[in-house]
Structures are given as C-alpha cells and as structure tokens.
Amino acid sequence: MYAVIGVSGNTGSAVAQSLIDLGKPVRAVVRRPEAGALFRRQGADVAVADLADAKALAAALSGVDGAYIMTPPLLEVPDPDGTKRAYIRAIRTAAEQAGAPPLVVLSSVGAHLPSGTGPVVLLHELEQALRDYPGRVSFLRAPYFLDNWAEAISPATEQAVFPSLMAPGVCIDMATAADIGFTVAQLLLDTRGHHRVVELKSARRYSAQDVALELAQLLGKPLDVVYPPRSAWNGILTDAGLSQTGAAQMAELIDSINEDRIGFSGEGEYRTVQEGPAILFRRLLEATVT
C-alpha cells in the first residue's frame, strides 16, 4: 500500500493514477472525504487528514510501503510560510510516529539554495527537516511545471496573446505533472539506497517563446508573447488570487529564473522526462472539447 498526499492536485493525482495503473494499492490522503472519490471508485483506500494534523497524518501513513509527500504552494493565503512550516513539523512528526515508511518528497529545482527563490525556500526547509529522517527519503527536485501554462490557453484562444512573466527568451527545464507523477511512482517502487536527491530534467529546455509557438501551432494561428513590465507584476499576481506575500514570493522566484540565479545543484542523480508543451496542450485542448 502506498500513501499519496494531494490526490486532488496535479502531481498527487498523477502519482495515484500511475500507481493504480501499475497495479499497486493506493491510500489517497485527503482533507475532505469527497476529494478521494475518483480513486475510491478505482479501489483505493481513502484516509482523511489535514497536513497540519500530525495525529491524523500518522494514522494515514501507518502500515504503508511508501508515501508521496508534497506541500501545496499556498500563495493565496496571507502567511504561506507559517502555514507550510506547520505542515513540515507535522509531516516529520507523523512520518516517524507511523514507523518511518520510505518517503518520496516533491521538492524543486533550486531547493539547495537557502534564500532568494521565493516559495522554493520552504522546500529547502522541508528537505532540511527530513535530512536525518530514519527511513528512506528521495527528494525529487522538479523543474518548472509546464501545467502552469494552462492559464495561457484562454487568452491565446480568445485574444491571440500569450502572457508570460518569464522573459520570452529565457530557457529552462520544464516538466508536466503527469511526467512528475510517473517519476514519483517509479521512485516509490525503487527500494535502493537511503537518502538521495533526484533532479528532474526535460529532454530539452524551453523558453516562454518556445511554449507559445507550440500552442500557436496547435491553434493554427500566431500568438503574441506579452511580457509585462516588472512594476505591473504585483497587480497581475494579486488579481490572479495571490496574497500580497504570495505575490512577492512568486515575483522573487520569477526574478531568479529570469536572472539565471536558480538551477539544479548537481549533487544527486538526474532523470529525464519526455512530455513537452505540445503533448500537454493537446491533452488540455482535447479535454475542453470532450
């Protein structure tokens, strides 16, 4: 049995589905029972636990062969760092109380850096909190989520524009949540080693301009990449639902990307994913039709 946190989100659902497709038993860990309905229908066990509730989380992690751990960005709340630090404390306590099952922890490119990376700093803290965890831990440092570009489909379709806070010509590694989820499933089933860092690369690096071109080809029309001035970012991000603190953190992360201050550490092993923007956009566009 493999416990999966966050099955109502992009990576958690991908991890759970990958494991089920491989014939592995899954325990979906959710805050609300209805959030696990999709996987319950596929035979999964469902456990209800808030990430800040160490007792409930320990029960959800008890007796499993491995667990997928992730903490949501929470950039919409006034104090994302305080909330995530409560999650980190509860996760560490709960995992030990559950008998220290093997963990695969979703981290990020740049998590080796202690500052200057916005919300990624809390993933650095999560890694540090689990460095001396008595069980096996794999830290999966994922690149930029291609799925973040899903929000560009509407303005691209309706206005022929592709908005991006990432400078159009900056190339970085990117991966879909589906590829990340499958990689997590592989790591959960891999019993080698004790503590390790796995850094996830894409088959090629992409810029916002590259991603826009892929979407333009699928839509059959040219797209204008719109890169707003730095002074407009706060308003754009808060209008999108982020809190003032969350907007500042996201802006710091994007600055670190645009200024090439964030990257892989090279301290662990590399794995490469294959899905690119065309595959993601095709899947998303087909979903809107059906």
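Predicted model: local features only at pLDDT ≥ 70, side-chain atom pairs only at ≥ 80, totals over all residues.

Is Ala160 buried, partly exposed or exposed? With a relative accessible area of 24%, Ala160 is partly exposed, where buried means under 20% relative accessible area, exposed over 50%, and partly exposed in between, for a 1.4 Å probe and protein chains only.

Residues are numbered from 1 along each chain as its sequence is written, and side-chain values use heavy atoms, with hydrogens and water left out.

Returning to Ala160, its place is the loop between helix H6 (153–159) and strand S8; helices (H or I, at least four residues) and strands (E, at least two) are DSSP runs, numbered from the N terminus. The phi angle of Ala160 is positive, about 60°, although Ala160 is not a glycine. Ala100 also has a positive phi, near 55°, and is likewise a residue other than glycine. Ala100 sits in the loop between helix H4 (80–97) and S5.

Strand S8 covers residues 161–163 and contains Pro163. Pro163 counts as partly exposed because its relative accessibility is 38%. Apart from neighbours within four places in sequence, Pro163 is in contact (heavy atoms within 4.5 Å) with Trp149, Ala152, Pro155 and Val226.

Let me now turn to the core. Which residues touch the most other members of the largest nonpolar core? They are Leu57, Trp149 and Phe162, in a core of 90 residues. A nonpolar core is here a set of buried Ala, Val, Leu, Ile, Met, Phe, Trp, Tyr and Cys residues joined through side-chain atoms within 4.5 Å. Not counting residues up to four places away in sequence, Leu57 touches Ile5, Val29, Ala49, Asp50, Leu51, Ala90, Ile91 and Ala94. A second, separate core has eight residues, among them Leu165, Leu242, Ala247 and Ile254.

Ala47, in strand S3 (residues 45–48), counts as buried because its relative accessibility is 13%. Beyond four places in sequence, the contacts of Ala47 are Arg27, Ala28, Val29, Val30 and Ala60. Thr117 belongs to the loop between strand S5 (103–108) and helix H5 (120–129), and its relative accessible area of 1% makes Thr117 buried. With the same exclusion of neighbours within four places, Thr117 is in contact with Gly110, Glu252, Leu253, Ser256 and Ile262.

Next, the aromatic rings. A pair of aromatic rings is described by the distance of the centres and the angle of the planes. Rings of Phe, Tyr and Trp (its six-membered ring) pair if their centres lie within 6.5 Å; planes under 30 degrees apart count as stacked, over 60 as edge-to-face and the rest as tilted. The whole structure holds four aromatic pairs. One of them joins Tyr144 and Trp149, tilted, at 5.9 Å centre to centre and 50° between the planes. Phe264 and Tyr270 form an edge-to-face pair, at 6.2 Å and 75°. Tyr144 is partly exposed at 23%, whereas Trp149 is buried at 5%. Tyr144, Trp149 and Phe162 together form one aromatic cluster.

On a 1 Å grid over the protein atoms alone, a cavity is a set of points where a 1.4 Å probe fits but cannot get out, and a pocket is an open set with protein on both sides within 12 Å along at least five of seven lines; lining residues have an atom within 4 Å of a point. Grid points are joined across faces, edges and corners, and a volume is the space filled by probe spheres set on the points.

The second largest pocket has a volume of about 190 Å³. Helix H1 (10–21), helix H7 (177–189) and helix H11 (277–289) each supply at least two residues of its lining, which includes Asn10, Asp147, Ala177 and Arg283.
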